[in-house]
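Please open the model in your viewer and keep the selection panel at hand. The stops below are meant to be taken in order.

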Amino acid sequence: MTPVATPWALTAADLERRRGLRRMRVVATSLLGFAALVYVLTLHQEGAWGYVNATAEAGMVGALADWFAVSALFRHPLGLPIPHTALVPKRKDFLAVSLEDFVTGHFLTGDAVRERYLSADTTARLGRWLQDERHSTRVVQEVVTITERALGRIEDSDVRYLVEHSLLPRLVNEPFSPVAGALLQETVVDGVHHHLVDLVVVELHDWLIDNPEKFVAVLAERAPTWAPTWLNDIVTDRLHLEAVRWVQAIRDDRGHRVRVTVDDLLRDLASNLQEDPATMARAEQLKERALTHPQTIHAAVAVWEILRRALTRALADPDGLLRQRMASELVHLGARMQDDELLRRIIDERVGDSIAYLVQTYGTELATVISQVISGWDGKEAAERIELHVGRDLQFIRINGTIVGGLAGLIIHTLAQLAR
């Protein structure tokens, strides 16, 4: 038998396959040789040897027929250009497309991949793996390395371009008033703004206590020039005292009329931002002026640079709080993925559906790799590669043909003898 010629680089697995193919070829050919030898030795013998001769003769025929069938798949037997031989070299492109269709129709299907994923119990196994602190620390290290490289490759000019040409234009075109109105409405309902009112009132009260002369000076500018100075001083001092008392009352009384008025004002503003066209137009104009101001871009880039430096420093510290927290959260997640059946089922369903969608959507494109790779081979190379993978098992056809042919010959010879 001609050895398998392999012009491409063989892997260790390919070398093992080639050795197995050669061994099985020797076995199949030796069995044919043994049948031929027995046939020659028992030729023209009578009695029991006649049965042996008939068995050997039929075994040779079966072995030769199956040798021809197996060889015809990959080459011309004995180099003779017999029709319908060397099928793989001649029809490799058709076989590649057929194999591609078979894989796409039976293996790369959403249901098949989902079932395979669910049967593998991947979530629980991943949870056990993550629960080991060494593995979680390794994952964190890999994430840190990737993140540091990504942050290092982002230039300020890239951020500026993204903010100036993508982010800010989109924000300018997006309606702001309805969102701001809805947010303000929820803020008033929840009373979150009361903390801001408290802050303003406390600061205003402290300022009035610490800066009476400034308050008096502001009022003195509006005092009538015809009034005596001593009268203006009495009035401004009295006004300062009343202002302090008024602000103090607002500070201490949670139900003060001013606080209620502020609530009503904010409530009306929230409603107008969502329903009043004039208010909505003014809010949009204010938003546009703020976003298109040159300083906004500088501020956005500056904020990004601050965040990047802070994140880089936090990630660079192996004993820092951020990395320790990431590792501990992964360990905790691993424990939950094992113990929390509901979480495990949710993850399995989500991941399984995602994988099924990807395979269902892009499976055909993935399977085209088969035809593309095989079409890049010439006919001889395709035959040799395929034979290297399946040729060893095909030799069993030759072996079975020898045995089954011999048994068939024995049965036929026996029936012929009985018929006499």
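A salt bridge here is a side-chain nitrogen of Lys or Arg within 4 Å of a carboxyl oxygen of Asp or Glu. This is a predicted model, in which local features need pLDDT of at least 70 and side-chain atom pairs count only at pLDDT 80 or more, while totals for chains, interfaces and linings use all residues. Residues are numbered from 1 along each chain as its sequence is written, and side-chain values use heavy atoms, with hydrogens and water left out.

Select Arg-254 and Asp-198 to begin, whose side chains meet in a salt bridge at 2.9 Å, N to O. The pair links distant parts of the chain, 56 residues apart, with Arg-254 in the loop between helix 12 and helix 13 (257-275) and Asp-198 in helix 10 (residues 193-210); helices are DSSP runs of H or I, at least four residues long, numbered from the N terminus. Arg-254 is exposed at 52% relative accessible area, whereas Asp-198, at 19%, counts as buried. Buried means under 20% relative accessible area, exposed over 50%, and partly exposed in between, with a 1.4 Å probe and protein chains only.

Leu-231 is partly exposed, at 33% relative accessibility, and together with Trp-230, Ile-234, Val-235 and Leu-239 makes a nonpolar surface patch of about 480 Å². Such patches are made of residues with over 30% relative accessible area and no salt bridge, nonpolar side chains (Val, Leu, Ile, Met, Phe, Trp, Tyr) being joined within 5 Å and like charges within 9 Å; the areas come from the Shrake-Rupley method with a 1.4 Å probe. Also in helix 12 are Arg-245 and Glu-242, three residues apart, about one turn of the helix, and their side chains meet in a salt bridge at 3.5 Å, N to O.

Which residues of helix 16 are buried? They are Arg-323, Ala-327, Leu-330, Gly-334, Ala-335 and Met-337. Seen down the axis of helix 16, these buried residues fall within an arc of 165 degrees, so they line one face of the helix; the arc is taken from the directions from the helix axis to the C-beta atoms. On the other side of helix 16, Leu-321, Arg-325 and Asp-339 are exposed.

Finally, select Asp-156, Glu-305, Arg-308 and Arg-309, which are linked in a network of salt bridges.

Notes: Helices (H or I, at least four residues) and strands (E, at least two) are DSSP runs, numbered from the N terminus.
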